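Here are my notes on this chain, as numbered points. Please read them with the model open.

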Amino acid sequence: MSIDFSYYRELLLEKKREVEDNLKSIKETSSSNSELGLIGELSSSDDHLAEYASIVYEHESALTVEKILKDMLKQIDAALKRIEDGTYGICEVCKKPIGEKRLKAIPYATMCVHCKSLKEKSARK
Ligand SMILES: [Zn+2]
């Protein structure tokens, strides 16, 4: 039983491009929020304060999404490295194969379904 590394490398590179595109568009959106300074000047009324708060909120959620995407990029890069090392597709906990079905859904997965669900259970405690 062998894993088709080149297939998963393509999958990962495709995913990486997708994430990078998303990151780029988030950066463009948050830089267009530079009217923040203008609102600061006008914020004498409560209406403007509310508007300001909603813009700050949007900005913060963009930062959260950016963080998630950056984490994903890291995981994708790590998975690409595992392909080079020849350890790709092996669960980092039990060292068993992760399974092609799972890898096709999440090509940067580091754990098999079993270990992942155990980990999530213990995190919930
Ligand atoms: Zn496992």
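**Notes on the model**

1. Start with Cys94. Cys94 counts as partly exposed because 13 C-beta neighbours lie inside 10 Å. The cut-offs are these: buried means 20 or more other C-beta atoms within 10 Å of a residue's own, exposed means 12 or fewer, and partly exposed is in between, with C-beta atoms placed from the backbone. Cys94 sits in the loop between H3 and helix H4 (100-105). Helices (H or I, at least four residues) and strands (E, at least two) are DSSP runs, numbered from the N terminus.

2. Provenance. This is a predicted model: local features need pLDDT of at least 70, side-chain atom pairs count only at pLDDT 80 or more, and totals for chains, interfaces and linings use all residues. Residues are numbered from 1 along each chain as its sequence is written.

3. Partners of Cys94. Leaving aside residues up to four places away in sequence, Cys94 touches Cys112 and Cys115. Contact here means C-beta atoms, placed from the backbone, within 7 Å. From C-alpha to C-alpha, Cys94 and Cys115 are 7.4 Å apart in space, and 21 residues apart in sequence.

4. Lys95 deserves a look at its backbone. Its phi is positive, about 60 degrees, although Lys95 is not a glycine. Lys95 lies in the loop between H3 and H4. Lys95 counts as exposed because it has 10 C-beta neighbours inside 10 Å.

5. Confidence. The mean pLDDT of the chain is 85, and 82% of its residues reach 70 or more. pLDDT is the predictor's confidence in each residue, from 0 to 100.

6. Overall make-up. The chain has five helices and zero strands. From the N terminus on, the order is α-α-α-α-α. Buried residues make up 9% of the 125 residues. Of the contacts between residues at least 6 apart in sequence, 54% join residues at least 24 apart.

7. The core. Which residues form the largest nonpolar core? The nine are Tyr8, Leu12, Ile76, Ala79, Tyr88, Ile98, Leu103, Tyr108 and Cys112. Helix H1 (5-31) and helix H3 (46-85) each supply at least two residues of this core. A nonpolar core is a set of buried Ala, Val, Leu, Ile, Met, Phe, Trp, Tyr and Cys residues joined through C-beta atoms within 7 Å. Ala79 touches Leu12, Tyr88, Pro107 and Tyr108, not counting residues up to four places away in sequence.

8. Ala62 is in helix H3. It is partly exposed, because 16 other C-beta atoms lie within 10 Å. Leu63 is exposed, because 12 other C-beta atoms lie within 10 Å. Leu63 and Lys27 are 9.2 Å apart, C-alpha to C-alpha, and 36 residues apart in sequence.

9. Helix H5. This helix (residues 113-124) has 12 residues and reaches 16 Å from its first C-alpha to its last, close to the 16 Å expected at 1.5 Å a residue. The expected span is 1.5 Å times one less than the number of residues. Is H5 well covered or hardly covered? H5 is hardly covered: the count of buried residues among its 12 residues is zero.

Key:
Contact = placed C-beta atoms within 7 Å.
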